[in-house]
Amino acid sequence: MNDRNPSPVAAKLGPLGAEPPLSETAAMILESLQRYAVEVMRPIGTRLDRMTPEEVAAADSPYWEARRKFVELGFGVEALLGFEPEERGKMMCLLFETLGWGDSGLAISFGAAMLPQYMCAVLGRDDLLKLYPDAVLGCWGITEPDHGSDSLDPNRMIFHPQGQYGRPNCWARIDGDEVVINGQKSAWVSNGTIADVCVLYCATDTGTSLDPQRGCVVIVPMDAKGVSRGKPLDKLGQRALNQGEVYFDNVRVPRNHLLAGPEEFQAAVKIIHTAANGLMGATFTGVARAAYELALDYAHERKQGGVPIIRHQAVAQRLFHMFRKVEASRALTNRVVHYNFISPELSLHAAMTAKVTATQTSFEVASDALQIFGGNGLTREYPVEKLLRDARASLIEDGCNEILSIKGGYYLADPDRL
């Protein structure tokens, strides 16, 4: 505290709210990312939102301009991992919050594109990282038509005691110097119909059974013989994000493309799920921030009752709670991502708190923003309805929030006290 007289004028906060001053490097990165988000992501994201899924995935789609310009920024896996662990979490949150602030569909596409490279780097496979550098568009193949949430629960923490898993939809078999892959991944594979490479999570064919608990993680080039794609998925929100099925028909890849075998499989699920939930936390903090900022600006411009609507108590109170939620979401996500970059053991349930909090916040804040816009918010003339659709999808992707909260709750149990 200090002895200065309180001012009736609020302190001006920066673009990241009540954030302590950034380092010179971080401030330069933020400025570059914000320019890219405003000048490239928002206009292209709006165009993609109004196109068919086939048009979004086409070779002449504006998506590829956004992707090319993002790659040129140089903020890929190698750049992120080049920072010291203490700073790495801050850079990742800054990156994906700003991308989400620009357009969440594109942000998730670019995040999913990094996951094959991220897993190669984390698991020490520099040989594969050289084969598939940051410019190569990646995807993460884990979800299956019959085993959506099951795929994220290989240790069966929340599996029903009377449940029967049934036959996995996708499996891999080690055959000498090759890995042979068969089956299908579901329509929710982000970048599924356009990716160049996949980090595939699937069951292991043991010769006598298909084991989803002791599976395989394989890097699969998507031009390999036997790989085919479904049609791009048509969906409510995040329409800039290409998603679609991937099929494997006796696909053979070199055995050195095996990132994790049956003994390491569950640890590899934990690694990628922890990273993905942190990424989601940052991205949808950015969506919430975008919705709040739009509502705050509109409340100064729109007049009812003879004054700007921010002068009405109900609007001012609503805006305060939107601001509060964005700040809380950012603080939690930064804390969790930082922890998981410096801790000797990953905390998946901490990452789940970031994902669940940020996505729920984005939906609530976007809904409140639309209410402030009134009837205008329902129209495509204003960007709020798109933010609400994009945020709604986030409550389901990367593990629906109900499943994450149940599994996260079980992680809280102390086995020594049971």
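Modeller: First, the ground rules. This is a predicted model, where local features need pLDDT of at least 70, side-chain atom pairs count only at pLDDT 80 or more, and totals for chains, interfaces and linings use all residues. Residues are numbered from 1 along each chain as its sequence is written, and side-chain values use heavy atoms, leaving out hydrogens and water.

Colleague: Where is the kink in α1 centred?

Modeller: On Ala 37, with a kink of about 40°. The bend at a residue is the angle between axes fitted to the seven residues ending there and the seven starting there.

Colleague: Why is Glu 97 called buried?

Modeller: Buried means under 20% relative accessible area, exposed over 50%, partly exposed in between (1.4 Å probe, protein chains only). Glu 97 has 4%, so it counts as buried. Glu 97 is found in helix α5, residues 85-102. Its contacts (heavy atoms within 4.5 Å) include Leu 16, Ala 282 and Arg 330, leaving aside residues up to four places away in sequence.

Colleague: What makes Glu 97 and Arg 330 a salt bridge?

Modeller: The term needs a side-chain nitrogen of Lys or Arg within 4 Å of a carboxyl oxygen of Asp or Glu. Here the closest N and O atoms are 2.8 Å apart, so the pair qualifies. Glu 97 lies in α5 and Arg 330 in α9 (residues 313-342), so the pair ties together parts 233 residues apart in sequence. Arg 330 is at 4% relative accessibility, so it is buried.

Colleague: Is Asp 127 buried or partly exposed, and why?

Modeller: Partly exposed, because its relative accessibility is 37%. Asp 127 forms a salt bridge with Arg 125, at 2.9 Å between the closest N and O atoms. Arg 125 has 17%, so that residue is buried.

Colleague: Which parts does the pair of Glu 364 and Lys 325 tie together?

Modeller: Their side chains meet in a salt bridge, 2.9 Å from N to O. Glu 364 lies in helix α10 and Lys 325 in α9, so the pair ties together parts 39 residues apart in sequence. Glu 364 is partly exposed, at 30%.

How values were computed. Helices (H or I, at least four residues) and strands (E, at least two) are DSSP runs, numbered from the N terminus.
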